[in-house]
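Here is a structure to read with some care.

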Amino acid sequence: MQPIRVSVSDASGGAKGSTLVRFDNFAPGPISVQVVATGTVNYTVQVSNDDPNDPVSPVAQGSMTWSSSPDSAIVAQTASGYGTLVSVPLFARVLLNSGNGSVNASFVQSSNGPI
């Protein structure tokens, strides 16, 4: 799988989330996460198994339940970091908890097929 990149910046007015990253249901884990922090930040990589696109039981994007990543290397961090999601959630995002800097994150999911 090609890396999926998201960014979020300037949470001086309150916490801000990045765009959502959707993973492949048919590809295995793990998922590597590389985060590059610039300036003053505090960020957390979050995961969710709620699905706004589910044809049977959709959850509105604003009502999704988010949990902190099980890898503490990418939770409540103030510097660049690298972590791993061992099991594959449906979605992930980066929550910029505070700060006026920016965070860029790359997510790479293992694949059992050609890129």
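Two residues are said to be in contact when heavy atoms of theirs lie within 4.5 Å of each other. The structure shown is a predicted model.

Q: Leaving aside its neighbours within four places in sequence, which residues is Asp-51 in contact with?
A: By that cut-off of 4.5 Å between heavy atoms, and with the neighbours within four places left aside, Asp-51 is in contact with Arg-22, Ser-57, Pro-58, Val-59, Leu-90 and Phe-91. Asp-51 itself is placed in the loop between β5 (42-48) and β6 (67-68).

Q: Why is Asp-51 called buried?
A: A residue counts as buried when its relative accessible area is under 20%. Asp-51 has a relative accessible area of 12%, and therefore it is called buried.

Q: What makes the pair formed by the side chain of Asp-51 and the backbone nitrogen of Asn-53 a polar contact?
A: The cut-off for such a pair of N or O atoms is 3.5 Å, and a polar atom of the Asp-51 side chain lies 2.8 Å from the backbone nitrogen of Asn-53.

Q: Why is β5 described as largely enclosed by the rest of the structure?
A: Seven of the seven residues of β5 are buried, and so the strand is largely enclosed by the rest of the structure. Asn-42, Thr-44, Gln-46 and Ser-48 point one way from β5, while Tyr-43, Val-45 and Val-47 point the other way, and all of them are buried.

Q: How do you know that β5 pairs with β8 and with β6?
A: Two strands pair if at least two bridges are found between them. β5 and β8 (residues 91-98) are joined in the antiparallel sense over seven bridges, with Val-45 standing opposite Val-94 in β8. Two bridges join β5 to β6, and these strands also run antiparallel; here Val-47 stands opposite Ser-67 in β6.

Q: Why is Val-36 called partly exposed?
A: Partly exposed covers the range between buried, under 20%, and exposed, over 50%. Val-36, which belongs to strand β4 (residues 31-38), has a relative accessible area of 38%, and so it is partly exposed.

Q: What makes the protein as compact as a globular protein of its length?
A: The protein has zero helices and nine strands. Its radius of gyration is 14 Å, close to the 13 Å that the globule rule gives for 115 residues, and therefore it is as compact as a globular protein of that length.

Definitions and conventions. Residues numbered from 1 in each chain as written. Predicted model: local features only at pLDDT ≥ 70, side-chain atom pairs only at ≥ 80, totals over all residues. Heavy atoms only, no water. Helix = DSSP H or I, 4+ residues; strand = E, 2+ residues; numbered from the N terminus. Buried < 20%, exposed > 50% of the residue type's maximum accessible area, 1.4 Å probe, protein only. Polar contact = N/O pair within 3.5 Å; in protein donor to acceptor, adjacent residues only side chain to side chain. Rg over C-alpha atoms; globule rule 2.2 N^0.38 Å.
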